[in-house]
Every structure is written in C-alpha cells, then in structure tokens.
Amino acid sequence: MRNGLSIGEYLIQRLHDHGVRHVFGIPGDYVLGFYDQLVKSKLKIVTTCDEQGAGFAADAYARMRGLGAVCVTYCVGGLKVANTTAEAFAEKSPVVVISGAPGIKEREKNPLLHHKVREFDTQKKVFEQLTVASTVLTDTQTAFQEIDRVLHAALRYKRPVYIELPRDLVAVPGIRYHQPDEHHEASDPRILKAALLEAVEMINTAQQPVLLADVEVHRFGLQDIVVQLARKTNIPVVSTLLGKSVVGEQHPFYLGVYEGAMGREDVRQYVETSDCVIMLGAFLTDINLGIFTARLDPARSIYSTSEKLSIRYHNYENVRFKDFMRGLLKMKFRKRRLSEKSYAERLDLNGSESALRRPRAGRITVQRLFQRLNAFLTSDMVVVADVGDALFGAADLFIRHRTEFLGPAYYASMGFAVPAGIGAQMANPRLRPLVLVGDGAFQMTGIELSTAVRYKQNPIVIVLNNCGYGTERHMQDGPYNDVTPWAYYRLPELLGAGRAWLIHTEKELDDALAAARQHTESFSLLEARLDQHDRSPALQRLAKRLGENLQGGRAG
Ligand SMILES: Cc1ncc(C[n+]2csc(CCOP(=O)(O)OP(=O)(O)O)c2C)c(N)n1
Ligand SMILES: [Mg+2]
C-alpha cells in the first residue's frame, strides 16, 4: 500500500497512522510543494496568523491526541516556532516540526538564497537543541526509515522532533517495499519484578502513602491505571499544576493540587508528612513544586518516569514507565480506609454554598472570578490557562474529568493559551475551550482569535485585565510592567465575528458567562477589569509563605 509513495506522502501517511488529522502552520515557497500534498491528503491544514500561534496550537493538539504537527517554511517560519518547540520539549509534548528548505541541488556552491541565516544547516542545528530527534531528508534511500525513526522518538519520549524537507525531494518516491518499523522496547523482566516487590513492600508498610500523579501519566495515557490503583488501594491521589486534571477531580480519593507553599495547606501537609510518596510521571520543576518550597525526601519516595525509576535510594535501569505502572496494578496491596469526603465536597466546590451564592456587589476580584468560574465549568470544556495569574488562579479550579486542563506550568511562555485553545478544540471538537489569559499574554498571541473565527470555533476567552504584567509587579514594579491599554472587548468589531462583554462586577460576570454559554456560533470574549494589585489566592499563599520563610531566616 505504501509502495510508490513520495517522501512527502509517506510522512503524511505516517502522521495519519499515528492519529494526526490537522497540521498547523503558514506556507512559504520552500514548503509549498508539501502544502500541495497536504491539501490533497486526508490531513487538514490550519493556517494561523503567526507561526508562534501554529506552534502553540500544535503543542496543545499533541498534549490531547498524543501527536501534533506544525509545518512552516525555512528559517523565517522555522525560527518562529523555536520558542514553542522549546516549550513542547520542556513540558513533554510530542510535536512534529516540519520545515521546508532549499532543494539539495540549489545548495551547491553555497549560494545566498533567501531566508538562509548562516549555513544551510543553521536551522537544523538550532532544532537539534530543542528536539529529541531531527533529520534532513536528503536521501531517497533512507528517507522513509528516517521518518520512522524520528516519529518513533517523538512517541517514545513524548517530546518534539524536527523533519526538514528539501523542496526538490518532497515529491520524489522513496524506496519501494518499505515496511514501517514498529519498535517495541521491553523492560528487563527481572529488574521490573525486583522493583515492583520493593515498591509494594514500601507501600504496604507505610502509614500514610500518597500517589502524586503528574504530567507523564497524562502524556502516556495512563490515567486509568492511576484511578484503578487508587480504587484498589484507597491511597489518595494528588496532582501538580503541570499534571492538573490527570485524574478527574471528582473522585473521592483525589486530594488536590500539590504545589509546595503555593498550594492548599491541607494538601501540602498531607504530602509532606507522608512516609511514602509514590511519584508517577512527575516532573520536579520549580513551578510545579511551588518555586522549590516543596519538601520531598527521596528516602521516602518512589519515583517513576519514562526516564528513571528509583525507590528510596535504589535506581532501577531498563524499566519502562508503562510496564512499572501496569505491573503495580497487578500487585497485592493492603486496602486502606478512605477518608470520608471528596475533594469537591471538602472545598465546597460542587455544593451550592459558596459557588452559587448570590453575586456580591462591588468590583470583581481575581479570587471571586475563579470561584464563579468553578460554578460555571462543565465537563464538556477544556480549560487552557496562560502564564500569570490565569495559571496560578486556575490551580484551584475544579476539573471534572481528566485531560481537561492545559497550561504551560514549567517553561511558562506567555502567549500559549489563545492558540492552544484552538489546537485543543481541533483535537477534540466536542470540548469547548475556556481560555484564561492575562492582558499581557493576550497582546502577544490573542489575535489568533481570528483563526478561531476562520475555522468556526467557539472558545470562551476570559481576559484578566489588570493593566499590565501583574505577576511581575509583585516582584519588582516599574513602568516596564505597564502595557498599552487595549479595548479587548471591541475585538468582535475588528474580526467581524464573536461577542464580547466588559466586566466590572460579579453580576456582570455571571450575566456574561450565561450569555457566552448560549452563544455557541463563535468566540466569546469576557474582558474582566481587575484592580492592578489584586491577585489570586495561590499567589497570595506563595507570597505569604515566602515572607514567613524570610522572617524565619532573619530570626535565625
Ligand atoms: C514570552 C514571555 N515573555 C516574558 C515572560 C516573563 N513574564 C512572566 S509573567 C509576566 C507577566 C504576565 O502578564 P499578564 O499576561 O498580563 O498576566 P498577569 O501576570 O498580569 O496575571 C511576564 C512578562 C514570560 N513568562 N514569557
Ligand atoms: Mg496582566
């Protein structure tokens, strides 16, 4: 079936085999041949206003579907997705970056072709640093194998890869009778067994074990295993900001987001006094752990990821993350008694009490905004948060099902949320994105709402307008933290579609949310005018705890 395919067609076929249905990007002459093949293929091209938008959209798509693709022209387009690829690398999102390039024939005698930076391989060298595998398809004999190799790396490590297509080879057939390699790397069964035995012994003798489920559980699609493990053992589960929503937060065994001092105190206490923290797919980053305020001791931890397995101070080699997780589920555990109330009940998020209480008079605050969003959220939404208080505030949102929260909680590049919302809705059109974005971040990529209009999507975008770079204001203020005031709520006029509301009070917020829920034909934009110095409870908690630490330090 694959015989006689050209190099470009084979790439398209393999992307399709792996579940990709959309390719995000902007064309240019070096990649037009491939765009032509895309148009004739089963994949749909989604063109954005800017390549960075395409990169973030592909990243969100990859987080939700297991693989995403962005396709750009040489250097002018490619280097614009360097930042988004860096984010995908840092936060483990398997994005395939496809770039057009000058033809091999054109490269002879090193001419000064347009878009070239220094050498013909300058862009490739940049992407070597930002991906787990990269290739320039210069040889028809090896091109198919190279495509298989690089795509396999993306899927194995859940990180981005780079494929460069010289334009004179895209339409040239590769080798005939190629069988795609389906690599399967197995764990060493003896080491796996030894690791499982030590893990079970540690868990069964622990007084207060806790499962910490993080980003890789999500990326490797192991959410169900965590849920089953928690059900089987009655060991409670926490997530992190990066892994938020890996398990539905409605489960009775779910305790909340653990993020050191930034997180809720009860969750922090539980995890930090645990004698067995079972970290699954965890990423020990600073933001994830509340700017290193988290206290986790390896001596009382099981740490399992796609790259490493350690139990207390023992390291186990050659054990695949999936195998360890599946193996754990088959082991014999002592069943514990479950604590009485679910997270939602404990926080009173579901209940009518705080969430549905009548709106208060006066100006809307960040805290109240998030509380009311909690009442608004339904399970057919995907929450996408940008950097800043949009992300911190979202930590306390109650996400009802898994995979429904996306946020750049580690690399933290502003400008993610609006385009990521587009990618998320392409990945799963049944979900309506609820995009939370600061005014500063919105000024970077918010214009991608134009892309949402073009593809008839209907995100609900909340712009948290606090007149500038609020997060930075709390660290060090200056005129550089101001942004030009925009009339965000007037964007529908510019884009010729969508509806928008300007919000000062809780009542206005409630009314606008209700109207936005009904308005499904196009985007809804809610511009919330906040006080410049207002901040979310999470940021307040962090500042308070850090302040206490500082005072403690001085006293000592
Ligand atoms: C691309 C990028 N540039 C700069 C920063 C540094 N930075 C971190 S938070 C922040 C302010 C964000 O402002 P806004 O989007 O309005 O959110 P707020 O902090 O006001 O909630 C800045 C500039 C960054 N994280 N990413
Ligand atoms: Mg702001």
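Begin by selecting helix α1 in this predicted model and displaying its surroundings: the buried residues of α1 pack against α2 (32-39), β3 (68-72), β4 (95-101), α6 (143-157) and β6 (161-166).

Next, select residues 7-17, the span of α1, and colour them by burial. The helix is mostly covered, with 9 of its 11 residues buried. The buried positions are I7, G8, Y10, L11, I12, Q13, R14, L15 and H16.

Now move to ligand 1 and select the residues around it. There are 16 of them, and D439, G440, A441, G470 and T471 come nearest. By class, this shell holds 5 nonpolar, 8 polar and 3 charged residues.

Select A412: one of its backbone N or O atoms lies 2.9 Å from a nitrogen atom of ligand 1. Select G440, where a polar backbone atom is 2.8 Å from an oxygen atom of the ligand. Select N466, from which a polar side-chain atom lies 2.9 Å from an oxygen atom of ligand 1.

With the ligand still in view, display the protein surface. On its own, ligand 1 has 590 Å² of accessible area, and the protein covers 78% of this. Finally, select α17 (439-445) and α19 (470-473), the elements that give two or more residues to the shell around ligand 1. The largest share of that shell, 4 residues, comes from α17.

Definitions and conventions: Residues are numbered from 1 along each chain as its sequence is written. Chains are lettered from A and ligands numbered from 1 in the order in which they are written. This is a predicted model: local features need pLDDT of at least 70, side-chain atom pairs count only at pLDDT 80 or more; totals for chains, interfaces and linings use all residues. Side-chain values use heavy atoms; hydrogens and water are left out. Buried means under 20% relative accessible area, exposed over 50%, partly exposed in between (1.4 Å probe, protein chains only). Contact means heavy atoms within 4.5 Å. A residue is near a molecule or strand if one of its heavy atoms lies within 4 Å of it. A polar contact is a pair of N or O atoms within 3.5 Å; within protein, one must be able to donate a hydrogen and the other to accept it, and residues adjacent in sequence count only if both atoms are side-chain atoms. Accessible areas come from the Shrake-Rupley method with a 1.4 Å probe; for residues, only the protein chains shown count as cover. Ala, Val, Leu, Ile, Met, Phe, Trp, Tyr, Cys and Pro count as nonpolar, Asp, Glu, Lys and Arg as charged, and the others, Gly among them, as polar.
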